[in-house]
Amino acid sequence: MGAFEVTLPVRFGQVDCAGIMYYPRFFENFHAVFEDMFGERLGKPYVTLLSERRLGLPMVRLETDFRKAFRFGDPMRLVLDVTRIGRTSVTFRYRGFNGGQSEPSVQALGTVALIDLDTFASVPFPPDIRAVLDDLLVR
C-alpha cells in the first residue's frame, strides 16, 4: 500500500487575517490524516485504539518546515508515511502539497510513542499496528 494520502480543502476558519492558513491548523490536519490512516489500515476507527485497546500515541517530538502558504479554498494534499520505526516509537513524515504541485508546501516529522493509557508506560507495538507502520515505511 505505501504512503497514505488524502486531500482536504483549506477552510475559511483555518485562515488568519493575512488570508493564509494559520500554522496551528496544519497540526490539526496532520492529526486528522493520522487518525484516518489508522482507521482505514486497521479497519476500525482510531478511537478504538484509545477506548477499547487503551493504547495512546502521544507526540514526543515535532519538527516542521513551512515553505509556501496555503490560502482559503486551496486543496491540501496530505501524504503520510514513516521514516523510522523503533520498538515503542515511530517517526511519521507529513507532507502537504498544494494541489498537484510536486514539491511540498509544508513538511513535518513527528515522533510518537506507544503507551498504555492506564499506566502511561511505553509499550512495544502489537503485530497489527507494527504491520501498518511497516507498510508505510519509506524504503
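1. One term first: buried means under 20% relative accessible area, exposed means over 50%, and partly exposed covers the range in between. By that scale Asp128 is partly exposed, since its relative accessible area is 34%. The model is a predicted one, and the points that follow should be read accordingly.

2. Overall make-up. The protein has three helices and seven strands. Read from the N terminus, the order of elements is β-α-α-β-β-β-β-β-β-α. Along the principal axes, the C-alpha atoms fill a box of roughly 45 × 30 × 25 Å. The radius of gyration is 15 Å; a compact globule with 139 residues would have one near 14 Å, so the two agree.

3. Burial and contacts. Of the 139 residues in the protein, 45% are buried. Among contacts with a separation of 6 or more, 66% are between residues 24 or more positions apart.

4. Strand β4. Which strand is largely enclosed by the rest of the structure? This is β4, residues 75-85: eight of its eleven residues are buried, and it is therefore largely enclosed. Strand β1 (residues 4-9) pairs with β4 through six bridges in the antiparallel sense. In that pairing, Glu5 stands opposite Val79 of β4.

5. The β4-β5 hairpin. Strand β5 covers residues 89-98 and runs antiparallel to β4, with nine bridges joining the two. Three residues lie between β4 and β5 in this hairpin. Across the pairing, Val82 stands opposite Phe92 in β5. In a regular strand, side chains alternate between the two faces of the sheet.

6. The side chains of Asp81 and Arg93 meet in a salt bridge at 2.7 Å, N to O. Asp81 belongs to strand β4 and Arg93 to strand β5, and the two are twelve residues apart. Asp81 has a relative accessible area of 4% and is buried. Arg93, at 19% relative accessibility, also counts as buried, because the cut-off is under 20%. A salt bridge also forms between the side chains of Asp81 and Arg95, at 3.2 Å, N to O. Here the partners are 14 residues apart, with Asp81 in strand β4 and Arg95 in strand β5. Both Asp81 and Arg95 are buried.

7. Arg53 and Asp128. The structure holds nine salt bridges. One of them joins the side chains of Arg53 and Asp128, at 2.7 Å, N to O. Arg53 sits in the loop between α2 (47-51) and β2 (55-56), while Asp128 is in helix α3 (residues 127-136); the pair links distant parts of the chain, 75 residues apart. Arg53 counts as partly exposed at 36% relative accessibility, and Asp128 is partly exposed at 34%. The Asp81 and Arg95 pair of the previous point, by contrast, is buried.

8. Aromatic pairs. How many aromatic pairs does the structure hold? There are 13 aromatic pairs. One of them is the edge-to-face pair of Phe26 and Phe66, with 5.3 Å centre to centre and 65° between the planes. Phe26 is in helix α1 (residues 23-42) and Phe66 in strand β3 (residues 59-66), so this pair ties together parts that are 40 residues apart in sequence. Is Phe26 buried or exposed? Phe26 is buried, with a relative accessible area of 4%, whereas Phe66 is partly exposed at 44% relative accessibility.

9. Phe27 is partly exposed, with a relative accessible area of 28%. Ring pairs link Phe26, Phe27, Phe30, Phe34, Phe38, Tyr46, Phe66, Phe70, Phe92 and Tyr94 into a cluster.

10. A charge over a ring. Arg77 lies over the face of Phe97, at 4.3 Å from the ring centre.

Notes:
Residues are numbered from 1 along each chain as its sequence is written. This is a predicted model: local features need pLDDT of at least 70, side-chain atom pairs count only at pLDDT 80 or more; totals for chains, interfaces and linings use all residues. Side-chain values use heavy atoms; hydrogens and water are left out. Buried means under 20% relative accessible area, exposed over 50%, partly exposed in between (1.4 Å probe, protein chains only). Helices (H or I, at least four residues) and strands (E, at least two) are DSSP runs, numbered from the N terminus. Two strands pair if DSSP finds at least two bridges between them. Rings of Phe, Tyr and Trp (its six-membered ring) pair if their centres lie within 6.5 Å; planes under 30 degrees apart count as stacked, over 60 as edge-to-face and the rest as tilted. A charge sits over a ring if NZ of Lys or CZ of Arg is within 6 Å of the ring centre and within 35 degrees of the ring normal. A salt bridge is a side-chain nitrogen of Lys or Arg within 4 Å of a carboxyl oxygen of Asp or Glu. The radius of gyration is taken over C-alpha atoms; the globule rule is 2.2 Å times the number of residues to the power 0.38. Contact means heavy atoms within 4.5 Å.
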